[in-house]
Amino acid sequence: MTPLLLSHFGIVTCLGAGQAETVARLRNGRGGLRPCDFETAALPTYIGAVAGVDDHPIDGPLAEYD
């Protein structure tokens, strides 16, 4: 198998969008969890939601999963 060189990457998590924001939150000891706000969840818990992800709807063949 031929090795694949990864020279660039992107990251989007509940910590933030991009390397700089993610690293800054990790270095400052800040997490990305927040209280669960799902309308149908009656469970007092936390979630790691990605801020702004709902602003970008899924289209094409995966649209039915949006």
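Analyst: Gly-16 comes in at 10% relative accessibility, so Gly-16 counts as buried. Before going on, a word on provenance: this is a predicted model, where local features need pLDDT of at least 70, side-chain atom pairs count only at pLDDT 80 or more, and totals for chains, interfaces and linings use all residues. Residues are numbered from 1 along each chain as its sequence is written, and side-chain values use heavy atoms, with hydrogens and water left out.

Back to the strand. Gly-16 sits in strand S2, which covers residues 16–17; strands here are DSSP E runs of at least two residues, helices are H or I runs of at least four, and both are numbered from the N terminus. Ala-17 belongs to strand S2 too, but at 53% relative accessibility Ala-17 counts as exposed. So what does each of them touch? Taking contact as heavy atoms within 4.5 Å, and skipping residues up to four places away in sequence, Gly-16 touches Ile-11, Glu-21 and Thr-22. With neighbours within four places set aside, Ala-17 is in contact with Ile-11 and Val-12.

Now for sequence versus space. Gly-16 and Val-50 are 34 residues apart in sequence, yet their C-alpha atoms are 7.2 Å apart. Ala-17 and Leu-5 are 12 residues apart along the chain, with 23 Å separating their C-alpha atoms. Another pair to look at is Ala-51 and Gly-32: 19 residues apart in sequence and 9.5 Å from C-alpha to C-alpha. Ala-51 lies in the segment after strand S4 (46–47), and Ala-51 is exposed, at a relative accessible area of 71%.

Moving along to helix H1, residues 19–27, you'll find Arg-25. Leaving out neighbours within four places in sequence, Arg-25 is in contact with Leu-15, Arg-30, Gly-31 and Gly-32. For a salt bridge, a side-chain nitrogen of Lys or Arg has to be within 4 Å of a carboxyl oxygen of Asp or Glu.

Side chains of opposite charge can pair when their charged atoms come close. The structure holds 1 salt bridge: Asp-37 pairs with Arg-34, the closest N and O atoms being 3.5 Å apart. Asp-37 is partly exposed at 48% relative accessibility, and Arg-34 is partly exposed as well, at 35%.

Finally, the overall picture. The protein chain has 1 helix and 4 strands, running β-β-α-β-β from the N terminus on. Its radius of gyration is 16 Å, well over the 11 Å that the globule rule gives for 66 residues, so the chain is more spread out than a compact globule. That radius is taken over C-alpha atoms, and the rule is 2.2 Å times the number of residues to the power 0.38. The C-alpha atoms fill a box of roughly 50 × 40 × 25 Å along the principal axes. Of the 66 residues, 9% count as buried.

Notes: Buried means under 20% relative accessible area, exposed over 50%, partly exposed in between (1.4 Å probe, protein chains only).
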